[in-house]
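Reader: I would like to go through the terms used for this model one at a time, with each value set against its cut-off.

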Amino acid sequence: MKQQIELIVNGDRYSLSVEPWRTLNEVLRDDLNLTGTKLGCGSGDCGACTVIVDGRSVSSCLTLAVSVSGRDIRTVEGLARSGEELHAIQESFIENGAIQCGFCTAGMEMSAYYLLSHNPAPSEGEIRAGLSGNLCRCTGYNQIVEAIGVAAEKMRNQSKAGGER
Ligand code: FES
Ligand code: FES
């Protein structure tokens, strides 16, 4: 039997009626058309489906939509403040060649966002540890690690300038 839930995604509220077995990933992609969040393995191994729920990084493929009713969810579509201005993490991924096929990118960026919200100046080792749940089949990881280091610096500068986000 369907259950009525309310999802708060990137600040927008959605009232939905969903079967209790449907995952957050399915509801984001299929019901809300927020297809930036990807579905890779579907079993918690690849990180392509990573989103932030109440400030914690979660695999949306393993999370039931009914279990996050009323919680604050952030997806890659909510990283940039407007449709025109990219988040520093997104800019750095582009500028540092950290995107090839792009399938892992949203999950990588959300893991980077989670890492940098808890550790604004991570070492290379801390960045690599922060990405340990995210797989990339294309880049060899080095450009992604570099991009996150550059993003951290940009975000620290934005924060000093009063533009924290
Ligand atoms: S799709 Fe969720 S971890 Fe791979
Ligand atoms: S860019 Fe293709 S999987 Fe990472």
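Reader: Why is Thr105 called buried?

Author: Thr105 counts as buried because its relative accessibility is 9%, and buried means under 20% relative accessible area, exposed over 50%, and partly exposed in between, with a 1.4 Å probe and protein chains only. This is a predicted model, in which local features need pLDDT of at least 70 and side-chain atom pairs count only at pLDDT 80 or more, while totals for chains, interfaces and linings use all residues. Residues are numbered from 1 along each chain as its sequence is written, chains are lettered from A and ligands numbered from 1 in the order in which they are written, and side-chain values use heavy atoms, with hydrogens and water left out.

Reader: Where does Thr105 sit, and what is Thr105 in contact with beyond its neighbours within four places in sequence?

Author: Thr105 belongs to helix α3, where helices (H or I, at least four residues) and strands (E, at least two) are DSSP runs, numbered from the N terminus. Once the neighbours within four places in sequence are set aside, Thr105 is in contact with Phe93 and Ile99, contact meaning heavy atoms within 4.5 Å.

Reader: Which residues of α2 are buried, and what do they pack against?

Author: In helix α2, which spans residues 88–95, the buried residues are Ala88, Ile89, Gln90, Ser92 and Phe93. The buried residues of α2 pack against α3 (105–118) and α5 (142–160), and just after α2 comes Gly97, with a positive phi of about 65°.

Reader: Are Cys104 and Cys138 buried, or partly exposed?

Author: Cys104 has 10% relative accessibility and therefore counts as buried, whereas Cys138, with a relative accessible area of 31%, is partly exposed.

Reader: How many disulfides does a search of the whole structure find?

Author: The search finds zero disulfides, a disulfide being a pair of cysteine sulfur atoms within 2.5 Å.

Reader: What makes the radius of gyration of the protein agree with that of a compact globule?

Author: The radius of gyration is taken over C-alpha atoms, and the globule rule is 2.2 Å times the number of residues to the power 0.38. For 165 residues a compact globule would have a value near 15 Å, and the protein has 16 Å, so the two agree. The C-alpha atoms fill a box of roughly 50 × 35 × 25 Å along the principal axes, and 41% of the 165 residues are buried.

Reader: What pattern does the protein follow along the sequence?

Author: The pattern is β-β-α-β-β-β-α-α-α-α, with five helices and five strands.
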